[in-house]
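Try each task on your own before you read the solution.

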Amino acid sequence: APAGGTELSEHLWARYQDMRRLVHDLLPPEVCSLLNPAAIYANNEISLRDVEVYGFDYDYTLAQYADALHPEIFNAARDILIEHYKYPEGIRKYDYNPSFAIRGLHYDIQKSLLMKIDAFHYVQLGTAYRGLQPVPDEEVIDLYGGTQHIPLYQMSGFYGKGPSIKQFMDIFSLPEMALLSCVVDHFLSHGLEFDQTHLYKDVTDAIRDVHVKGLMYQWIERDMEKYILRGDETFAVLSRLVAHGKQLFLITNSPFSFVDKGMRHMVGPDWRQLFDVVIVQADKPSFFTDRRKPFRKLDETGSLHWDRITRLEKGKIYRQGNLFDFLRLTEWRGPRVLYFGDHLYSDLADLMLRHGWRTGAIIPELEREIRIINTEQYMHSLTWQQALTGLLERMQTYQDAESRQVLAAWMKERQELRCITKALFNAQFGSIFRTFHNPTYFSRRLVRFSDLYMASLSCLLNYRVDFTFYPRRTPLQHEAPLWMDQLCTGCMKTPFLGDMAHIR
């Protein structure tokens, strides 16, 4: 390399231009649109040939809901805050913003801070909001004692419910995060003092009231065509499994009358004949851990029977109960059972960790995120970020003033690219699966608690019932000599970029 000064600076920019050309050559247009939004993605190897029993949650699993439901929840909870909790009338001016939050965010109750945390418990800078306003990175670091690291093990329980940090894991939490941010915004913008714990509890209680009072059920029941999506595909999945001799069961927290109306809409009046066991108002996740609650039988009107349950019969409806009695009565144990749900904690975690069931996560956001990933803008932005990172790593040994200026320019460009890539998904928080260079905490839990994940249950229709899913072998850091960042750092011991241009 040149000795220094202007000559070295020119050399660095020449390497920069070489790398730009290399990235263009290594990323032909056909690399885009390779990912299929209707595919099923595997975290663990699983053969459907070995699965004899399929279980399902109801909300956002068997029944997919339209986004039009979220503003209804937001408005109803907002009005409950004003009319029943006596919150300021000015809060009524806020409307639901569907583009504000994403699933998987954490909320620090005492700091009124909504933020995205990565798999290593670090806040992604630029994704911390108090109310509707971004919090400067310097302030976030100062709030946590000079670090971006959040001690989640001290501040949040296994299910992400506190005591001082809450994680929003289900799709119903989107209007909750929006309302929480709007209420905090109103208090801050009007200079009103408030207790952070009281405000957080009031908002979560108002959202809970929307569900407990049955308001959401009423909206859906009044207009199922508007709110329930892909009902015909759900029917096709269930019918296909039964036709191939599989046993099916349903465990949901929703009440029978609501589930019955929805299933009649999607499947028909004889929907219960598809299921070997149906359990409603199960009270998950305690259903999976609390042995004390027995099953009770419901009749067609929803009235409870008092007789002791000694077997679970096909065509009957059961309420509450617990997983331990369920396993004893059905003998459905271990990896021959595959259960699908949308909530990684309430639906899947205990089943995988404690009981060895196989699990499938329904992630509706996956479809949109894959469509963004498939765009040429995203692919070029991501690959060039990796290339710049490699250049920075390789060239950091140059310490003269002009070289440092060049490296600073590259670092600035990389940061700008990161912001552009983040905004493709969500302007405030980016992708639900990835921070700038690490998986999100949500992604970490997704990998830990699900064997499979997909955008909707209908993705099963694209695979045979004896199909084997294999996870893509992900190289460890020391196993990845052909990855772009390794190419760029010269770790292949290839001294000239031109010698690598043939690599595809």
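A polar contact is a pair of N or O atoms within 3.5 Å; within protein, one must be able to donate a hydrogen and the other to accept it, and residues adjacent in sequence count only if both atoms are side-chain atoms. You're looking at a predicted model, where local features need pLDDT of at least 70, side-chain atom pairs count only at pLDDT 80 or more, and totals for chains, interfaces and linings use all residues. Residues are numbered from 1 along each chain as its sequence is written, and side-chain values use heavy atoms, with hydrogens and water left out.

**Exercise 1.** Find the place of Asp57, decide whether Asp57 is buried or exposed, and look for a polar contact of its side chain.

*Solution.* 
- Step 1: Asp57 sits in the loop between strand 3 (53-56) and strand 4 (64-65). Strands (E, at least two residues) and helices (H or I, at least four) are DSSP runs, numbered from the N terminus.
- Step 2: Buried means under 20% relative accessible area, exposed over 50%, and partly exposed in between (1.4 Å probe, protein chains only). Asp57 has a relative accessible area of 6%, so it's buried.
- Step 3: The side chain of Asp57 makes a polar contact with the side chain of Lys284, at 2.9 Å.

**Exercise 2.** Which residues does the UniProt feature "binding site" cover, and why do they gather at one spot?

*Solution.* 
- Step 1: The unreviewed UniProt entry puts this feature at Asp57 and Asp342. They span 286 residues in sequence, yet no two of their C-alpha atoms are more than 7.7 Å apart, so they gather at one spot. UniProt positions are given in the numbering used here, feature names are shortened, and annotations may be inferred rather than shown by experiment.
- Step 2: Asp342 lies in the loop between strand 15 (337-341) and helix 12 (344-355). With 5% relative accessibility, Asp342 counts as buried.
- Step 3: Contact means heavy atoms within 4.5 Å. Leaving aside neighbours within four places in sequence, Asp342 is in contact with residues including Asp57, Asp59 and Arg103.

**Exercise 3.** Where is Asp59, and is Asp59 buried or exposed?

*Solution.* 
- Step 1: Asp59 is in the loop between strand 3 and strand 4.
- Step 2: Its relative accessibility is 11%, so Asp59 counts as buried.

**Exercise 4.** How many disulfides are there?

*Solution.* 
- Step 1: A disulfide is a pair of cysteine sulfur atoms within 2.5 Å.
- Step 2: By this rule, the count is 0.
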